[in-house]
Amino acid sequence: MTGAPQVELSASQAARLLRSTATVRSRSRQLLERARAGDSPWFVVHDVKLDAVADLVAETTASRYPDGDIPFHSRWRHFEAGGVDRLGALDAALPTAGSAERTRALIDVVLVSVLLDAGAGPEWSFREQSTGLVLTRSEGLGVASWAAFCDGLFSSDPADPLRVDAAGLNRISADALGAAFQVGPDNSLTGLSGRADLLRRLGEVLAGRPEIFGPDARPGRLFDHLTRGGRAEVSAVDVLNAVLDHLGAIWPSDNAIDAHPLGDCWHHDAVVGPGLTAGWVPFHKLSQWLTYSLLEPFRWSGVQVTGLDELTGLPEYRNGGLLLDSGVLELRDASWADHEWEVGDELVVEWRALTVALIDEVADRVRARFGADTTTMPLACVLEGGTWSAGRILAGRLRHGLPPLSIRSTGTVF
């Protein structure tokens, strides 16, 4: 790898390369190969434990979906928390099934909800008024954002509350968002101000791109953009590229090449690559989580979605925790588990990269246990079945659900 020829890339070309899921995978594989060779200062890889992890994931999947009908890993599963069909309950208030306007509304709500889906912290919960359910973490955030959407928090038009638009987002303060999420002295939510800032940046981006998001500046107009000309088929990477190209400016731009923000892309000295991309490891976790969550509205509209497995596993604390808690990954110094880390710290960057690479290997083993392939059991289903839930199960057994590493949240990555 060190002998790779130098390639001259412009800043825009480098940023484009770092948005590719192929680059996410290849950079992650670099760090996995290095760790397997014993050269990582942070982690030891125990390959002998991969089969046991695959067994746990397969058992979890069979328990959760005994009929074998596994949905995609997406925000829509959180909207179903507690076995409540919230979409069905809202059905009569939404535009006609199969219509473009209905798809726009569904994209509106799921996009904003995903952006609000960074870690909630251990103290926060949400009580749903209509059911009395008390929900925490991702499910709580999902249901809270669903309720806020239904209440018209993100719409500027009181006569049309079931939408998200730039004017509605631009007026959202941390206090307003906190009230919707029931935040108080005894119910703190990690990264609240960062989430409100992110929504306002989203509003600015929507308003600034009318050719993509329309005169009403709605995220749901991504559907019109991607199906322009009556297009009846899109690839998952098409959706991700649209998210990265047209929404990338919402992410904090500290990580950048010249004037090109990189988003969820972090530095690691051991990673090689051409030109300006050397040392950068991309993940685009929330953008990929958003993409997974957008696939269902497209499919419900009748648009065929292809290339699901070009997306990667999500490098967050449930999938990464599965690997640490099962012993596939071991910290070289156990005391590091007691330290609070920053998102850009090399240990965290490497943990996330190893997660991406190893989840691919776990997925292959899980498919073998079901006699499936990437067509019948794409990565989106392995994650849902799956690795995320198995990671939560182990965290529940070991630490009452807390992640194995403590990472200071900005509200925009985890």
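**A walk through the chain**

Arg 104 sits in helix α6, which covers residues 100-115. Helices here are DSSP runs of H or I with at least four residues, strands are E runs of at least two, and both are numbered from the N terminus. This is a predicted model, in which local features need pLDDT of at least 70, side-chain atom pairs count only at pLDDT 80 or more, and totals for chains, interfaces and linings use all residues. Residues are numbered from 1 along each chain as its sequence is written, and side-chain values use heavy atoms, with hydrogens and water left out.

Stay with Arg 104 for a moment. Its relative accessible area is 12%, so Arg 104 is buried. Buried means under 20% relative accessible area, exposed means over 50%, and partly exposed lies in between (1.4 Å probe, protein chains only). Not counting residues up to four places away in sequence, Arg 104 touches Arg 218, Gly 220, Arg 221 and Asp 224. A contact means heavy atoms within 4.5 Å. Arg 104 and Arg 218 are 114 residues apart in sequence, yet their C-alpha atoms are 8.0 Å apart in space.

Ala 52 and Thr 96 are 44 residues apart in sequence and 47 Å apart in space, C-alpha to C-alpha.

Now step back to the whole chain. Its secondary structure comes to 17 helices and twelve strands. The C-alpha trace spans about 60 × 50 × 45 Å along its principal axes. A compact globule of 414 residues would have a radius of gyration near 22 Å, and the chain agrees with 21 Å. That radius is taken over C-alpha atoms, and the globule rule is 2.2 Å times the number of residues to the power 0.38. Of the 414 residues, 56% count as buried. Among contacts between residues at least 6 apart in sequence, 75% join residues at least 24 apart.

What does the inside hold? The structure has one cavity of 30 Å³ or more. The largest cavity has a volume of about 180 Å³. It is lined by 18 residues, and the closest to its centre are Asp 117, Ser 138, Lys 285, Glu 316 and Trp 388. A cavity is a set of points, on a 1 Å grid over the protein atoms alone, where a 1.4 Å probe fits but cannot get out; lining residues have an atom within 4 Å of a point. Grid points are joined across faces, edges and corners, and the volume is the space filled by probe spheres set on the points.

Four helices each supply at least two lining residues: α7 (137-150), α14 (285-300), α15 (317-325) and α17 (379-399). The largest share, three residues, comes from α7.

Some backbone details remain. Most residues other than glycine have a negative phi, and most peptide bonds are trans. Ala 217 has a positive phi near 55°. It lies in the loop between α11 (210-213) and α12 (222-226). With a relative accessible area of 7%, Ala 217 is buried. His 400 also has a positive phi, of about 55°. Its place is the loop between α17 and β12 (406-407). At 77% relative accessibility, His 400 counts as exposed. The peptide bond from Gly 385 to Gly 386 is cis, with omega near -15°. Gly 386 is found in helix α17.

Notes: 1 Å grid on protein atoms, 1.4 Å probe; cavity = no way out; pocket = protein on both sides within 12 Å on 5 of 7 lines; lining within 4 Å.
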